[in-house]
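Notebook open, model loaded. I wanted to go through the hairpin, the core and the surface.

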Amino acid sequence: MSAEALRERRAEIGEFRRREVLVPVVDGSLLSAEAGGIRWLFAFTERTALERFAEARG
């Protein structure tokens with residue numbers, strides 16, 4: 001990874017850390033899915049994105 005790419009990655013991580021992260025909860029548990037043997041949490045940094053996700057899931 002180039003120095004420029006590393007700086008960009010660090011900036012993106014920093015921005016994510018400063019944002020409010022919204023995680024859907026179903027029946028008292030964080031909503032997650034498994035893909036490729038890895039458990040992933042659904043997380044959103046924009047309320048509208050979370051709303052679209054919820055609407056799509058019914």
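My entries on this predicted model follow.

**Ground rules.** I'm using a predicted model in which local features need pLDDT of at least 70 and side-chain atom pairs count only at pLDDT 80 or more, while totals for chains, interfaces and linings use all residues. Numbering runs from 1 along each chain as its sequence is written, and side-chain values use heavy atoms, with hydrogens and water left out.

I looked up strands E3 (residues 32-35) and E4 (residues 38-41), which pair in the antiparallel sense over four bridges. Strands are DSSP runs of at least two residues, numbered from the N terminus, and a pair needs at least two DSSP bridges. Ala33 has Trp40 of E4 as its bridge partner. Two residues sit between the strands, and Gly36 takes a positive phi near 65°.

**Core.** Which residues make up the largest nonpolar core? I found six: Leu22, Leu31, Phe44, Ala49, Leu50 and Phe53. A core here is a set of buried Ala, Val, Leu, Ile, Met, Phe, Trp, Tyr and Cys residues joined through side-chain atoms within 4.5 Å; buried is under 20% relative accessible area, exposed over 50%, partly exposed in between (1.4 Å probe, protein chains only). Leaving out residues up to four places away in sequence, Phe53 touches Pro24, Leu31, Phe42 and Phe44 (contact: heavy atoms within 4.5 Å).

**Asp27.** I noted a positive phi near 50° in this non-glycine residue. Most residues other than glycine have a negative phi. Asp27 lies in the loop between E1 and strand E2 (29-30) and is exposed at 79% relative accessibility.
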